[in-house]
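Have the viewer open as you read.

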Amino acid sequence: MSTPLDRMPLAERVEQLLGTGGPLPIVAAGDPVLRRPAEPFDGQLAPALLARFVEALRVTMHAAPGVGLAAPQVGVPLRIAVIEDPAPVPEEVRLARGRVPLPFRVLVNPSYEPVGAVRAGFYEGCLSVPGWQAVVARPTRVRLTGSDEDGRAVDEVFTGWPARIVQHETDHLDGVLYVDRAELRSLSANQTVAERWAQPTPRAAARELGFDLPE
């Protein structure tokens with residue numbers, strides 16, 4: 001069943017969201033907006049409104065905190081996402097996961113394709129699925145295409161953890177949550193991950209919980 005907010009023009013919906021001030025409320029799993037492919041961005045928001053919306057996404061991502069946020073996660077079904085990862089992790093984690101700093105980026109109408117056949121499985125979480133994490137096997141290199149907030153073309157290869165982030169956020173724009181791609185036997189509460197599975201790789205979790213990791 002649609003709501004009055006669902007039927008409101010996108011620009012009006014965004015104006016209403018921004019009028020609340022501060023971080024935007026994050027939509028939780030179960031809301032249909034997270035399960036529908038988002039509309040390609042084609043000028044639905046005027047440049048000034050788009051800039052304000054992007055800044056609100058950035059503020060919300062930082063406040064959560066997270067390393068990415070897609071527009072549907074705040075109830076706006078547009079193909080826009082923001083990503084940023086300062087990667088404050090120990091050296092052994094950096095080496096195992098390929099987690100390196102990722103400067104703030106805006107992705108507009110992004111899509112990705114694997115580069116090569118190598119995949120790796122690591123625990124992921126999601127701001128729209130609070131309290132839980134699960135292991136997801138993803139390509140370790142992807143080619144991302146689309147544009148930035150100023151309409152400049154993006155055609156770039158991401159590797160390691162940045163590749164995981166852009167896949168996770170682009171999936172959101174296709175109505176896909178990380179749990180759709182996860183090894184469900186790995187599903188763990190955040191506290192359990194912190195207490196038992198915080199190693200650089202999930203090999204111990206795979207052995208004890210009984211699931212396979214990519215070779």
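Which strands does helix H5 lie across, and at about what angle does it run to E3? Helix H5 (residues 160–173) lies across E1, E2, E3, E6 and E7, and runs at about 70° to E3.

## Ground rules

This is a predicted model, in which local features need pLDDT of at least 70 and side-chain atom pairs count only at pLDDT 80 or more, while totals for chains, interfaces and linings use all residues. Residues are numbered from 1 along each chain as its sequence is written, and side-chain values use heavy atoms, with hydrogens and water left out.

Helices (H or I, at least four residues) and strands (E, at least two) are DSSP runs, numbered from the N terminus. Angles run from 0 to 180 degrees between N-to-C directions of axes, which are lines fitted to C-alpha atoms, for helices over the stretch in contact.

## The sheet

Five strands make an open sheet in the order E1-E2-E3-E6-E7, with antiparallel pairing (two strands pair if DSSP finds at least two bridges between them). Strand E1 (68–70) and strand E7 (153–159) are at the edges with a single partner strand each, so one side of each has no neighbour in the sheet. On average, and with direction ignored, neighbouring strands are turned by 40° against each other.

Strand E3 (residues 102–114) pairs with strand E6 (residues 141–147) over five bridges. Along this pairing, Pro-114 is opposite Val-142 and Glu-113 is opposite Arg-143. On to the next pair: E6 and E7 are joined over seven antiparallel bridges, and here Arg-143 faces Val-157 in E7. These two strands form a hairpin with five residues between them, and Gly-151 in the turn has a positive phi of about 85°.

## Helices and a buried glutamate

Helix H3 (residues 47–63) lies across E1, strand E2 (80–85) and E3, at about 45° to E2.

Helix H5 holds Glu-169, which is buried (under 20% relative accessible area, 1.4 Å probe, protein chains only). Glu-169 has no salt bridge, and the nearest side chain of opposite charge, Arg-138, is 8.5 Å away; a salt bridge needs a side-chain nitrogen of Lys or Arg within 4 Å of a carboxyl oxygen of Asp or Glu. The Glu-169 side chain does reach the backbone nitrogen of Leu-69 at 3.4 Å. Beyond neighbours within four places in sequence, its contacts (heavy atoms within 4.5 Å) include Gly-68, Ala-70, Gln-73 and Val-82.

Terms used. Buried means under 20% relative accessible area, exposed over 50%, partly exposed in between (1.4 Å probe, protein chains only). Lys and Arg count as positive and Asp and Glu as negative; His and the chain ends are not counted. A polar contact is a pair of N or O atoms within 3.5 Å; within protein, one must be able to donate a hydrogen and the other to accept it, and residues adjacent in sequence count only if both atoms are side-chain atoms.
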